[in-house]
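The sequence and structure come first.

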Amino acid sequence: MVERIRHDAPVLVIGLGRFGAATAGQLQRLGREVLAVDDDPNLVQKWAERVTHAVQADARSLDALRQIGADEFSIAVVATGSSIESSVLITANLVDLKIPQIWSKAISQSHGKILARIGANHVIYPEAEAGERVAHLLSGRMIDFIEFDDDFVLVKMYPPKPIRGLSLTESQVRSKYRITVVGVKSPGKPFTYATEQTVVSNHDLIIVSGTEADIDRFASLDN
C-alpha cells in the first residue's frame, strides 16, 4: 500500500535562487514547515529568519543530505536548475533516499527528460511556463491563463463581443467555439457557476475552459 502524504507535510527545498526562494517563501506563508538548503552561506543567512530552517550543505553529496535529515522528508523540491549536472545529481540522491515526492526544476526539455527518467515525480519548467503565460496574457483580453495536462486550458478573460447580451444557449459557445464557460463574475459580485440560462454582459468577467487553440481563437474574436 502506498503511503499517503499529508497535505501539510514539511518540504525540503534545495537551492535558494529566485525560483527556490520564491517557493520556500510561499510555502512558509502558507504555514508549511520548510527546510531550505543551499551551498552559498550568504543565501542561507539571508533566508535563515524567513523559513523554518535554512542550512548550508552541498546537496550533491548523499552523506551531506543524510546529515541534515533529508531522508525524513516526504516532499522535496530541487530548485537548482542552472547547472544540469548538479540538479541531476541532487535528484538522483533524493531518489536514493527514497523520498516519495520529488519536484525538480528543468531548464530544457532534454534536461527534464533526464530528471524524469532518474525518478523525479514532477518536472517543472518555470521560465518556459511563465513565458507562455505572459505571451497569452499580452493578447489583452485574457487576465489569467493556466494550462493543465493534455492541452487543457483554464482562462479568466473578458467576454468577446459575439457572446455578450446573450444566454449561453443562445450564443452556442460550446458548439460554435468548442469552449465551455465555467463561471461568470458580474461587477461587485462573486464568481458564480454558469448555466445554459446565464447571460453574459459587457461588464462581466468569465472563466472558460478548452484546448489552447480553441481558447486562443475564442479570445481573438472581434470586440
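**Note on ring contacts and the sheet**

1. Arg-50 lies over the face of Trp-47, at 4.9 Å from the ring centre; a charge counts as over a ring if NZ of Lys or CZ of Arg is within 6 Å of the ring centre and within 35 degrees of the ring normal. The model is predicted: local features need pLDDT of at least 70 and side-chain atom pairs pLDDT 80 or more, whereas totals for chains, interfaces and linings use all residues. Residues are numbered from 1 along each chain as its sequence is written, and side-chain values use heavy atoms, leaving out hydrogens and water.

2. One aromatic pair is present (Phe, Tyr or six-membered Trp rings with centres within 6.5 Å; planes under 30 degrees apart are stacked, over 60 edge-to-face, the rest tilted). The ring centres of Tyr-177 and Phe-218 are 5.5 Å apart and the planes stand at 50 degrees, so the pair is tilted.

3. Tyr-177 belongs to helix 8 (residues 173-177) and Phe-218 to helix 9 (residues 212-219), so the pair ties together parts that are 41 residues apart in sequence. Helices (H or I, at least four residues) and strands (E, at least two) are DSSP runs, numbered from the N terminus. Phe-218 is buried, at 0% relative accessible area (buried: under 20%; exposed: over 50%; partly exposed: in between; 1.4 Å probe, protein chains only).

4. Five strands form an open sheet in the order 7-8-13-10-11, with antiparallel pairing; pairing requires at least two DSSP bridges between two strands. Strand 10 (residues 180-185) and strand 13 (residues 205-211) pair over five bridges, and Val-184 stands opposite Ile-206 in strand 13.
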